[in-house]
Amino acid sequence: MTIAMSPAPRLLLVHPPVVRPCEPPAGLARLAGTLRAAGRQVEVWDANLEALLALLQAPSLATDTWTRRAGRDRDHHLAALRDGRLFAHPDTYRRAIGDLERWLARLPCATAPFPDGGWHLSLTDCTHDQWEPTSSHDLQRLAADPLAHPAVAVLQPALRNRLLEREITHLGLSVNYLSQALAAAALAGLARQLRPDLRIILGGGLITSWLARGTRPPAGLAALADHLLTGPGEAGLLALLAAPPAPASVPLASASQPPRPDVAQPRPAPTSADGLPQAARPAPPEPSPPAPAPVDDPTTWAYDFSDFPLDQYLSPGLVLPFSLAHGCFYARCAFCPETFERQRYRPLPTALVGERLAALVNRYRPRLLHFLDDAIHPAVLQELAAHPPGVPWYGFARFAPPLDDPDFCRLLARAGCRMLQLGLESGDQAVLDELRKGLRLATAARILAHLHAAGIGTYVYLLFGTPAEDEEAARRTRDFVAAHAERISFLNVAIFNLPRQAPEAATLPTRPYTAGDLGLYLEFAHPRGWNRPQVRRFLEREFRRHPAIAPILRRDPPAFTSSHAPFFLVPPPRR
Ligand code: SF4
């Protein structure tokens, strides 16, 4: 069968599984709003939310008591997450999340033996025993056998419908996290099978980081798509959608026989030594240097959330994400990819912040605003304090002025600041100095006290095992946290991985942290012998069990962590 394609470019933007399904994807909303304002035709699809909700309704063969109970209660849990009942009782919340994760973990795709099984599915990730998201070879294998991915298998009818019944000319996959990479590859492969004429575009934070590794994109990655975009994406997509493709008669795969959603669709059979079916094999890679990213201008960004199912997200009310800038204004921390990738900091002018937020709040009436910036600029904090957005909000900030002023913290609380995420990393001043955090511990202690007094919750991030740290320094971090435990609402504890682009990668003995050619991090021989096994042992035996620290760690909402943390905080009293 052939149909005549419309000459007008029409883009379908997709948010691939699997990430926390608690708020609509900001990147897609911003791309859609900005491109539509520029006259482009754009559709958006939160495939992540759709896949997870479908998998939570999928049948299970498990017969154990816990899984049967989880199956019985799952609709109740989903409703109670959305209406907020679960947040009144942390233990009930914990049990409900445990049940939902149990259901996903016991689906046949997890319990069946390989090749039908081998998947580990949760509310935040979908990994496989044999396929690595950091291997472009494995990504290509999934692109060739896309229905092997359980989330993509449940999405197949919807993708087919979108691609075959609408006049889509371009498919954009926004890949920001490693947990999305396998599904994104499978979606690209499935789209290619359904519509060989489609222009496939890969972009997002993870693709940007992969492309930042060298002047040429990895060949295996380039083979998945027609275009690889770096940076925020608006300018690149505007350029790609500028010229209408020539009218063409395009063959559609099996368009006359839509599949029944209740019948499993056959997978293409592997026919070659490496398991890639010839018919679905991607064209031989012809990598070319990525074009320089066109400049994105935050003043042109516009958010359009109208096409997302806003009442379906797993949060007690609508949480709207919003970026006040692209990149980090500080960009000096020694270990941070923001420092190596050298993306220019491009903020929304402070004078426009209030107006943009007011428009968003008036249109969607969110319960909570989530600022996505790496760190909210001090000038923007001042602006938010002076002109509150009218609903509670949270986001990352640095331990720095103006937060060292107790009056300012009180003002910020009155302006709706419910929680700040703060990167402390270490409680040892020498380590902080070596990491170029630009932070004095005495200042951090004062800020924790002021925020606590003002009623603003804190989510504090720690990083153990950096090249600058040794065991004694780690103990000083433990002691700092214990001394200020009353003023810390939540903790995130991570073990350091060395970014490939860090200067230390050239001088320390290293090996890849994960298998595959796309890994961004390295394991390294610690210059002071403070290696991962020792760090892990310290965390388990000394840090996590500390009587002042253990209660903070127990408070952390499982799976949703910082995304649901603000809902467990008591609102500050009105003064
Ligand atoms: S402030 Fe945060 S995002 Fe910015 S460089 Fe430091 S760690 Fe990275």
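The structure is a predicted model, in which local features need pLDDT of at least 70 and side-chain atom pairs count only at pLDDT 80 or more, while totals for chains, interfaces and linings use all residues. Residues are numbered from 1 along each chain as its sequence is written, and side-chain values use heavy atoms, with hydrogens and water left out.

The protein has 21 helices and 20 strands; helices (H or I, at least four residues) and strands (E, at least two) are DSSP runs, numbered from the N terminus. Of the 575 residues in the protein, 55% are buried, where buried means under 20% relative accessible area, exposed over 50% and partly exposed in between (1.4 Å probe, protein chains only). Contact is defined as heavy atoms within 4.5 Å. Among contacts between residues at least 6 apart in sequence, 76% join residues at least 24 apart.

An open sheet is formed by 5 strands in the order β3-β2-β6-β7-β8, with parallel pairing. Two strands are taken to pair if DSSP finds at least two bridges between them. Strands β3 (41-45) and β8 (227-228) stand at the edges with a single partner strand each, so one side of each has no neighbour in the sheet. Within the sheet, strand β6 (residues 170-174) pairs with strand β7 (residues 199-203) in the parallel sense over 5 bridges, and L173 has L202 in β7 as its bridge partner. Two helices lie across these strands. Helix α7 (residues 150-165) lies across β2 (10-14) and β3, and runs at about 170 degrees to β3. Helix α8 (residues 181-194) lies across β2, β6 and β7, and runs at about 170 degrees to β6. Axes are lines fitted to C-alpha atoms, for helices over the stretch in contact, and angles run from 0 to 180 degrees between N-to-C directions.

L171 lies in strand β6 and is buried, at 1% relative accessibility. Not counting residues up to four places away in sequence, L171 touches L11, L12, V14, A191, L198, R199, I200 and I201. The C-alpha atoms of L171 and L13 are separated by 6.1 Å, although the two residues are 158 residues apart along the chain.

Strands β10 and β13 run parallel and are joined by 4 bridges. In strand β10 (residues 319-322), V319 and P321 point one way and L320 and F322 the other way, and all are buried. P321 stands opposite H370 in β13. H370 is found in strand β13 (residues 368-371) and is buried, with a relative accessible area of 11%. Leaving aside its neighbours within four places in sequence, H370 is in contact with E23, V319, L320, P321, F322 and Y394.

A further open sheet is formed by 3 strands in the order β18-β20-β19, with antiparallel pairing. Its edge strands are β18 (498-499) and β19 (510-512), each of which pairs on one side only. Strand β18 pairs with strand β20 (residues 521-524) in the antiparallel sense over 2 bridges, and the bridge partner of L498 in β20 is L522.

The structure holds 20 aromatic pairs. Rings of Phe, Tyr and Trp (its six-membered ring) pair if their centres lie within 6.5 Å; planes under 30 degrees apart count as stacked, over 60 as edge-to-face and the rest as tilted. The rings of Y459 and F490 have centres 5.5 Å apart and planes at 20 degrees, so this pair is stacked. The pair links distant parts of the chain, with Y459 in strand β16 (residues 457-464) and F490 in strand β17 (residues 490-495), 31 residues apart. Both Y459 and F490 are buried. The rings of F496 and F524 have centres 5.8 Å apart and planes at 80 degrees, so this pair is edge-to-face. F496 lies in the loop between β17 and β18 and F524 in strand β20, 28 residues apart. F496 is buried at 6% relative accessibility, as is F524 at 13%. Ring pairs also link Y303, F305, F308, F322, Y364, F371 and W393 into a cluster.

The ligand is surrounded by C328, A331, R332, C333, C336, E338, T339 and D374, a residue being near a molecule if one of its heavy atoms lies within 4 Å of it. By class, this shell has 4 nonpolar, 1 polar and 3 charged residues; Ala, Val, Leu, Ile, Met, Phe, Trp, Tyr, Cys and Pro count as nonpolar, Asp, Glu, Lys and Arg as charged, and the others, Gly among them, as polar.
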